[in-house]
Amino acid sequence: MTIRNVRDHGQRFRPRMACLKKVESVMLEMQDPKTGVKSQPQRLVITTIPHAITGEDIVAWLTNCYSIEAEEAWALGTMLVAFGYIYPLQDHKRLVIKPDASLYRFQTPYFWPAQQWPVEDTDYAIYLAKRNIRKKGTLELYEQVQYNSLHKWMNHKWDFIVMQAKEQYRAGKERKKPDRVVFDCQERAYWVVHRPPPGTVSAMDYGLERMVDPNTEELLFSCLFSLFSSLVKYSVTYNKHDPFLAPCLPSNPWVTDDVTYWLLNMANVEIPTKMRVERWTFSFGELLSDPRGRDDFRLFLKKEFSGENLAFWEACEDLKWGTAATMNDKAQQVYKTFLTRGAPRWINIDGKTMEVTVKGLKHPHRYVLDAAQTHIFMLMKKDSFGRYLKSPVFKDTQKRAICPDQHMFSVSQLEANARKRRPSISPIIVRQLEQEERARMATSGPVDITQVMSKLSNKGKEVPPSKK
């Protein structure tokens, strides 16, 4: 297989072990002390790095050795960097060859892809923890996201990971500074290849047999994982609260035709059920979506002298879902009540949000208050909601909440109810029957003879147009 074929395999992300062996033979030639790429110590900031090479020397060597054009040599050099055989000393996140004085080094054979070391999440977590210690908590953004995710995912053994990271960091400090910098660059290059930053196409993202673009696969897998995780979490949380999945008390109205369940769960019932109160603790949105929950939360805010926040949120909902005819009046009323200087129920929002809201109110629409509403929602969620769940108001409601006894129905009663049930009639048919009934009543009703004679006399007085 020629060098051009090796390059094509790298560009199409279809590497095979035979190709990698040929690439490794190329690497051995490049590192030959007599005929390979010339390396020399180079100063990087304040540290002298041994055996450094430049991007232009790599491209020139490939061009001369294999008699190929500079563009093809650049593509081949980029492939060598993408697979981790050569790593940059400066721009770590860009796995390409720059045909200039940019500095590179040959990766140690221990990290070559043909070694097929398993890329474990535990090793990556140890590496990130070590970088976090060395950088004193100032990781790059994508590394910080990965660090937090791994911390959450591997919380059960995080003490072991931190201990390993501290040991490796302590061992690294005992090396000479140039050796320490070189090892850090080698390790970082390895993880940039195998755990690339977002938006970086890596040839090794899913191993040697991957056949498609890794960014597409990673995005699809991430979306599916998030979707299934959310679905599982929702199912586990709401399993006992779905009448179709779990028995509901006192009985399931869809099965027994007993309406007690609806009566106990009316919008503004005085004493809610325990299951209903439990749902309020799932999320702040769940609390606000229940009118009875909002009443309880309103009572708590009133005692904390911050009831204007919930009132503003409800006013925004009324504007958003109200009729178009009253939209302008409602927007102005909200502005006068909550936003203007000296308003009777003034709310505390930041200056930028206030500026955007006031500017939008010059041409009001349904969603003109979304920015301010979101700000107040997050304020109540982060501050008031947590205190409400610990407050005497919620605990008293929770204590008074009822747990209805189960209504027992015999099989014969359920069968009798089922026989009484009839499928509902289509609304179209109902309207047709109503029209037919009105027409029948009109024809069968009593006739007023005076109205009939009046119409006949008026008709007789009409003069034909031809006789005028």
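**Close-up 1. Residue classes in the lining of the second largest pocket of this predicted model.** The lining is made up of nine nonpolar, four polar and 10 charged residues. Ala, Val, Leu, Ile, Met, Phe, Trp, Tyr, Cys and Pro count as nonpolar, Asp, Glu, Lys and Arg as charged, and the others, Gly among them, as polar. The pocket holds about 580 Å³ of space. Of its 23 lining residues, Arg134, Lys135, Arg180, Val181 and Asp184 are the closest to the centre. A pocket is an open set of points on a 1 Å grid over the protein atoms alone, where a 1.4 Å probe fits, with protein on both sides within 12 Å along at least five of seven lines; lining residues have an atom within 4 Å of a point.

**Close-up 2. Helices lining the second largest pocket.** Two or more lining residues come from each of α5 (121–134), α7 (158–173) and α8 (177–194). The most come from α8, with seven residues. Helices are DSSP runs (H or I, at least four residues), numbered from the N terminus.

**Close-up 3. Packing of α15 (residues 307–321) with α16 (residues 327–339).** The axes lie 10 Å apart at an angle of about 170°, so α15 and α16 are roughly antiparallel (over 145 degrees). Their crossing is left-handed. Contact (heavy atoms within 4.5 Å) involves Glu308, Ala311, Phe312, Ala315, Asp318 and Leu319 of α15, and Met327, Lys330, Ala331, Val334, Phe338 and Leu339 of α16. Nine of these contact residues are nonpolar, none polar and three charged.

**Notes.** Residues are numbered from 1 along each chain as its sequence is written, and side-chain values use heavy atoms, without hydrogens and water. In this predicted model, local features need pLDDT of at least 70 and side-chain atom pairs count only at pLDDT 80 or more, while totals for chains, interfaces and linings use all residues.

How values were computed: Points joined across faces, edges and corners; volume = space filled by probe spheres on them. Axes fitted to C-alpha atoms, helices over the stretch in contact; angles between N-to-C directions. Parallel < 35°, antiparallel > 145°, perpendicular 65-115°, else oblique. Left-handed = near helix turned anticlockwise from the far one by under 90°.
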